[in-house]
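I opened the model to look up a few things and kept notes as I went. The entries follow in the order I made them.

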Amino acid sequence: MSDPAEAGTAPKTARDTAAAAIAEAAVSDAAARAKRWGDLRKRALSAMVLGPLALACIWLGAEAFTGMMALAVALLAWEWVHLCGRRVRMLPGMAVPIAVFAAGVLAVQDHVRWALVVLGLGFGVAWWFAHRMAETLTQPALRLALGVLYIGLAGIALIELRHDGWAGRANVFFLFLVVWASDIGAYMAGRMLGGPKLWPAVSPNKTWSGAAGGLAAALLIGLGVALAFDPGARVLPVLAVAALLGVASQSGDLLESAIKRHFHVKDSSHLIPGHGGLLDRLDGLLAAAPVAALVSFFLGYGRLLWDWR
């Protein structure tokens, strides 16, 4: 006959084991949620500061927008040169900001063709100095020189878009808000829904659900912005342009992930809390801005990006 005390021990131990397992699962789930959303607060605070400031500069135009562009280009060039293991205070790293700034000055003065010529020359000069001074294979020299085109083309595109009077203000607002919506939508949908990875070899955290969420957000916000500036806007052209820019933005995000993987870094710098560097924050814009500028070029001066009539 068993001792009553012993008889009660087994059920109590089983209950304790089950309770411990449940508690461990709860802790694990909480840790997973904390990891998934750990950077959300920093991201939100950074966006609350930088977002309104950028929109104010776009709205004011002229000196405010030019000043914002100059600061952004300086920081982007600095990050790129440092990613390449160079310094902006000496050649060949110095060639990147000089070429981009020179092209930007020409673009501000509406000499866009000459600005593009300067970018091409700057690319060649940066490559030549990097190749001669490194005395190594062409790849390290080429990746430094590519920064001239990567940053410079987007800078010229944004300057040219904003110079287009009232339409330029609306177009740049549309571009920025669609890119931001794509980024936020992809982040939220990817964190909440998860699922199959989009391109794990390049960016292991990006999912197909995030890509779909980003595109949906770009379409929704793009339509809202277009109707705010142009109440008579046709829906289909607006959605088409928003989709084009949303896809370009996500492609730029993937390109930046591939660049960071190439350089074996997690972030381009630590300038912005929750976002890393400016290249991390503006990766979608760097890709979408030239696309928007091309659309504007084909439509003609003074036309909204969705005005296909």
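Which side chain does Asp253 meet in a salt bridge? I found Lys206 there, at 3.5 Å from N to O. By salt bridge I mean a side-chain nitrogen of Lys or Arg within 4 Å of a carboxyl oxygen of Asp or Glu. Asp253 sits in helix α9 and Lys206 in strand β2 (residues 203-207), so I noted a link between distant parts of the chain, 47 residues apart. Helices (H or I, at least four residues) and strands (E, at least two) are DSSP runs, numbered from the N terminus. Lys206 is partly exposed, at 21% relative accessible area. For burial I use these classes: buried is under 20% relative accessible area, exposed is over 50%, and partly exposed is in between (1.4 Å probe, protein chains only).

Entry on sources. This is a predicted model, in which local features need pLDDT of at least 70 and side-chain atom pairs count only at pLDDT 80 or more, while totals for chains, interfaces and linings use all residues. Residues are numbered from 1 along each chain as its sequence is written, and side-chain values use heavy atoms, with hydrogens and water left out.

Entry on the whole chain. I read 11 helices and two strands, in the order α-α-α-α-α-α-α-β-β-α-α-α-α. The chain has 309 residues, and 41% of them count as buried. I took contacts (heavy atoms within 4.5 Å) between residues at least 6 apart in sequence; 69% of these join residues at least 24 apart. The accessible surface is about 16,400 Å², with 70% of it belonging to carbon and sulfur atoms; the areas come from the Shrake-Rupley method with a 1.4 Å probe, and for residues only the protein chains shown count as cover.

Entry on the other salt bridges. The structure holds four. Lys260 and Asp280 form one of them, at 2.9 Å from N to O. Lys260 lies in helix α9 and Asp280 in helix α10, so this pair ties together parts that are 20 residues apart in sequence. Both Lys260 and Asp280 are buried. I also noted Arg303 with Asp307, at 3.2 Å from N to O. Arg303 is partly exposed at 23% relative accessibility, whereas Asp307 is buried at 17%.

Helix α7 (residues 165-193) has 29 residues and spans 41 Å from its first C-alpha to its last, close to the expected 42 Å. The expected span is 1.5 Å times one less than the number of residues. Just after α7, Gly194 takes a positive phi of about 60°. Helix α9 covers residues 235-263, and Val235 belongs to it. Val235 is partly exposed at 42% relative accessible area.

Entry on backbone exceptions. Most residues other than glycine have a negative phi, and most peptide bonds are trans. Which residues does a cis peptide bond join? I found Leu91 and Pro92, with omega about 5°. Pro92 is in the loop between α3 (62-83) and α4 (95-108). Asp110 is not a glycine but has a positive phi of about 65°. Asp110 is in the loop between α4 and α5 (112-134) and counts as exposed at 52%. His264 also has a positive phi, near 60°. I placed His264 in the loop between α9 and α10 (278-281), where His264 is exposed at 72% relative accessible area.
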